[in-house]
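Work through the exercises below with the model open. Try each task before you read its solution.

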Amino acid sequence: MRPILFFLAALLTATPLFATDKADLPSPDGNLVLSVSLKNKQLGYSLARGENPLLDWAPLGLTINNTDSGAGLESIEQLGSSGELTRTFPVYGIHAEGKVKYIEYRIGGLKEGQTLRFRIFNDGVAFRYEFPQGISGRVNSEATAFGIRDNAVIWTQDGGAALGPCEGAWYPARVADFFVSPDIENADPKELRKFIRTGPVLAVLPGNHFLLVQEAGSFGLGWSGLKYAVNNGAPVRAFYYYDRKGFVFPEKTTATPWRVVLATRSLDALVNSDIVSSLVLRPDPVLFPEGTATDWCKPGRATWTWLATGGARYNDQLEFVDFASELGFEYHLVDDGWEKWKSEENLSPWEMLGKVVERGRQKNVKIWAWKRWEAIRSPDNDWAAMRDFFDKIKTVGVVGLKIDFMDSDSQERL
């Protein structure tokens with residue numbers, strides 16, 4: 001009798017499943033609604049707050065082994081919802097605890113067994129593609145786009161910086177101001193700079209509606225990072241700029257990173273949203289046995305000479321250690337240039353860095369140092385170059401490193 005009862009219980013608690021061509025997914029407060037629907041057999045979505053449209057319809061779909069999961073569909077399957085969920089977690093900043101409320105929905109009916117998982121918050125949405133474990137193959141592209149409205153002003157970094165160090169100025173423009181490419185995947189790299197931007201992309205809509213488009217939760221998935229193609233007359237499209245010819249993901253991976261749209265009524269609410277933090281994987285228990293409270297990981301404030309004095313001259317470091325002490329800051333960062341320091345006493349750069357560390361000890365300020373990543377990236381001899389540098393920097397007394405200029409979010413670099 002027990003097996004029969006168990007089977008009946010499983011039926012009663014199973015998530016509802018029904019076919020449809022549209023599904024409305026509301027936030028916990030009911031004000032924000034993401035609508036998933038088909039247009040000409042193409043899967044897509046739109047977003048609205050009450051009577052105010054925020055994102056126009058834009059396509060969804062992930063192409064693996066040349067099959068677009070969102071194209072050529074007759075219907076979709078609404079796999080049910082979780083009900084309202086609350087998550088709290090420690091954060092660092094102006095508040096010590098992050099808190100989000102959301103409802104989780106799943107949409108099926110996509111090709112190749114893919115499903116979409118949506119989390120709808122009161123101040124934004126997040127979604128990712130999921131697929132059965134053990135799938136192997138090549139990701140060719142992603143159809144995901146964001147239907148930023150024509151009357152929005154978007155703020156993005158300039159093209160040169162967006163495709164390199166991501167250190168550029170942010171400029172306002174409209175989607176209509178951007179170059180149109182008929183074939184993004186095969187466009188000339190020089191042309192790509194005209195309309196490919198890095199994330200996040202900020203959109204300001206009339207009536208004080210703010211949208212921020214980005215991704216979250218990439219760590220450990222073996223995925224490629226997103227850029228955003230901004231084309232006149234088309235939705236802003238997610239684009240694998242550094243892997244535009246495709247990439248193969250690990251068999252252990254069963255989901256993409258989250259695609260995120262924050263949607264708030266003020267910039268203050270936008271920058272204080274906890275959505276992105278809530279989507280990040282929990283810390284590795286081996287490296288972080290106490291989570292974010294692990295004793296070796298100590299966030300803090302630092303002084304830094306680079307923009308103030310035009311570099312990292314030795315005497316400036318001593319003065320800025322004093323500034324850090326006066327301000328009550330925990331750290332000072334010695335940036336690029338220290339490895340070329342010279343002194344009248346013929347001290348080596350390492351000895352001079354040690355003097356900065358000693359000045360910090362006297363002032364209760366700990367020292368970080370800069371290193372270009374290419375100098376320690378070689379895996380030869382069990383990463384000997386990296387191990388030697390780490391050992392030496394620890395011996396000098398430096399407590400943290402700024403490892404710099406990786407300049408890519410390709411699959412390999414991530």
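Buried means under 20% relative accessible area, exposed over 50%, and partly exposed in between (1.4 Å probe, protein chains only). The model is predicted: local features need pLDDT of at least 70, side-chain atom pairs count only at pLDDT 80 or more, and totals for chains, interfaces and linings use all residues. Residues are numbered from 1 along each chain as its sequence is written, and side-chain values use heavy atoms, leaving out hydrogens and water.

**Exercise 1.** Classify valine 286 as buried or exposed.

*Solution.*
- Locate the residue. Valine 286 sits in the loop between helix 5 (275-279) and strand 23 (302-304). Helices (H or I, at least four residues) and strands (E, at least two) are DSSP runs, numbered from the N terminus.
- Apply the cut-off. Valine 286 has a relative accessible area of 71%, so it is exposed.

**Exercise 2.** Classify alanine 369 as buried or exposed, then list its contacts outside the local sequence.

*Solution.*
- Locate the residue. Alanine 369 belongs to strand 25 (residues 366-372).
- Apply the cut-off. Its relative accessible area is 0%, so alanine 369 is buried.
- Find the contacts (heavy atoms within 4.5 Å). Leaving aside neighbours within four places in sequence, alanine 369 touches Leu333, Val334, Trp338, Ile393, Val398, Gly400, Leu401 and Lys402.

**Exercise 3.** Describe the whole protein by its elements, extent and burial.

*Solution.*
- Count the elements. The protein has nine helices and 26 strands.
- Take the extent. The C-alpha trace spans about 80 × 65 × 45 Å along its principal axes.
- Take the burial. Of the 414 residues, 45% count as buried.
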